[in-house]
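Here are my notes from a first pass, for you to read with the viewer open.

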Amino acid sequence: MASSNYEPKNPVLRAFNQQLPILSLVHGSLGAGYRAPKNLNYFWNFGSLAGVCLVVQILTGIILAMHYTPHTTLAFSSVEHIMRDVNYGWLLRYVHANGASMFFVVVYVHIFRGLYYGSYRSPRETLWFLGIIIYLLMMATGFMGYVLPWGQMSFWGATVITNLFSAFPVVGESIVQLLWGGFAVDNPTLNRFFSLHYLLPFVIAGVVVLHIWALHIPGSNNPLGIDVKGKQDTVPFYPYYISKDALGLGVFLLVFAFFVFFAPNFLGHPDNYIPANPMVTPTHIVPEWYYLPFYAILRAIPDKLMGVIAMFASILILFAMPWLDGSSARSSKFRPLYRFFLFLFLAVALFLGYCGSKSPDDVLHLAGLDIPFLLLSRIASFYYFAFFLLIVPIVSRREVPLPLPKSINDYVLGNKAKSAS
Ligand code: HEM
């Protein structure tokens, strides 16, 4: 967020901009007045895509809230009413429900991009911390949103997850009762979750403004992870990255539309089409797919309190990345060994997600062996933490990075010469 000394040509706009320099702000933040490294690849589309997802969620959510009733006796049928009676209600709901999944996909890619190219490193630590805060807020918002339709998974998911807080000594029970607004997940719980689910996206929007402000102070990192040395290393945001973002958005919307129109319930759980029933526990309670790796970590540890601590730690540990990584190079493009362990980490995180979707007593049939998923979750959780606490600190300090290019411009022109010959 930076204002430029841009002056609109139109006299009315110029006068307006002199009194409220909002056009200069846009020009300096998203227009030709903001310059970004010329070598950004499509991974850099995911920030703007996350912004689009947030706007889509807020807009569809506001309209859904006009027709939804946050009461245990009416919530489920008000969602059915939205699906059947409200004009385009089915579309709004499917866009909102699948939009949440799309939002998490986009943000996971966005976080992985940060890890891969070392975007959490100095001078972008604050930007990274704000990102993690956004992610935590997103998790809370998604969780509370899933409770609102008041289906079986809503109710039992809420019961399992809120109960986790009871593991904390002394204050645990009080926290759970505060979350519930009583002694079980019930109408007061639904009401406060609805209220917070409406509020938090606006808090997220506020933190996103800070996130982008913190981005525009040092400017974007880039795939080489080296600093911008001068104007020749950059191009103006408009038209170059506006058009690149627009192309990415088009492709993203095609994928989004595929889910909404052809597989709208693929990412949801069928049990959530059964009204909540406190007397009937589903055989297998699972959270939404985007929480599954953390759910697997929670269940991998036999002690409830330690499981809860490990689950929270698995996300909070991201805050420590700027200190854990001591390499002289940012981008893993020049750190093959680190890159190998990072890809392994990605594979393990995805596998943990798979373990989270399984029942605790399920087994993996592999080469004539029956390996319990619980054991596999434990091994995968071990690697998850070992990556942060051992591999990153050691490998980043031991591995000698490959020679870094002199400048972004040099590298880009060198590449061009290669492809032309
Ligand atoms: C609502 C969610 C989010 C929105 C709207 C958002 C938006 C953006 C935008 C527009 C950019 C600039 C474009 C780009 O580099 O892709 C950006 C950069 C960045 N974001 Fe986010 N972000 C979100 C969540 C996160 C999260 C969860 C993290 C990390 C935990 C994060 C970390 C970063 C970092 C490190 C950069 C700088 C990347 C670089 O310059 O290499 N963001 N974000």
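This is a predicted model: local features need pLDDT of at least 70, side-chain atom pairs count only at pLDDT 80 or more; totals for chains, interfaces and linings use all residues.

1. Is Val86 buried or exposed? Val86 is buried, at a relative accessible area of 13% (buried is under 20%, exposed over 50%, partly exposed in between, with a 1.4 Å probe and protein chains only). Val86 sits in the loop between helix H4 (75-84) and H5 (helices are DSSP runs of H or I, at least four residues, numbered from the N terminus). Leaving out residues up to four places away in sequence, Val86 touches His67 and His81 (contact is heavy atoms within 4.5 Å).

2. Numbering starts from 1 along each chain as its sequence is written, and side-chain values use heavy atoms, without hydrogens or water.

3. On to the metal. His110 (NE2) and His211 (NE2) are the protein donors of the ligand's iron atom, 2.0 to 2.1 Å from it (donors are N, O and S atoms within 2.8 Å of the metal, or 3.2 Å for Na, K and Ca; water is not among the atoms, so sites may look incomplete). The pair links distant parts of the chain: His110 is in helix H5 (residues 89-117) and His211 in helix H9 (residues 187-216), 101 residues apart. His211 is buried, with a relative accessible area of 16%.

4. Gln57, in helix H3 (residues 46-67), is buried too, at a relative accessible area of 12%. Its contacts, not counting residues up to four places away in sequence, are Val95, His96, Gly99, Ala100 and Phe103.

5. Helix H2 (residues 22-29) has Ser24, Gly28 and Ser29 buried. Viewed down the axis of H2, the buried residues fall within an arc of 120 degrees, so they line one face of the helix (the arc is that of the directions from the helix axis to the C-beta atoms). Helix H1 (11-19) and H9 are among what covers them.

6. Lastly, the lining of the largest cavity. Helix H6 (125-147) and helix H7 (152-164) each supply at least two residues of that lining, and H7 gives the largest share, 5 residues (a cavity is a set of points on a 1 Å grid over the protein atoms alone where a 1.4 Å probe fits but cannot get out; lining residues have an atom within 4 Å of a point).
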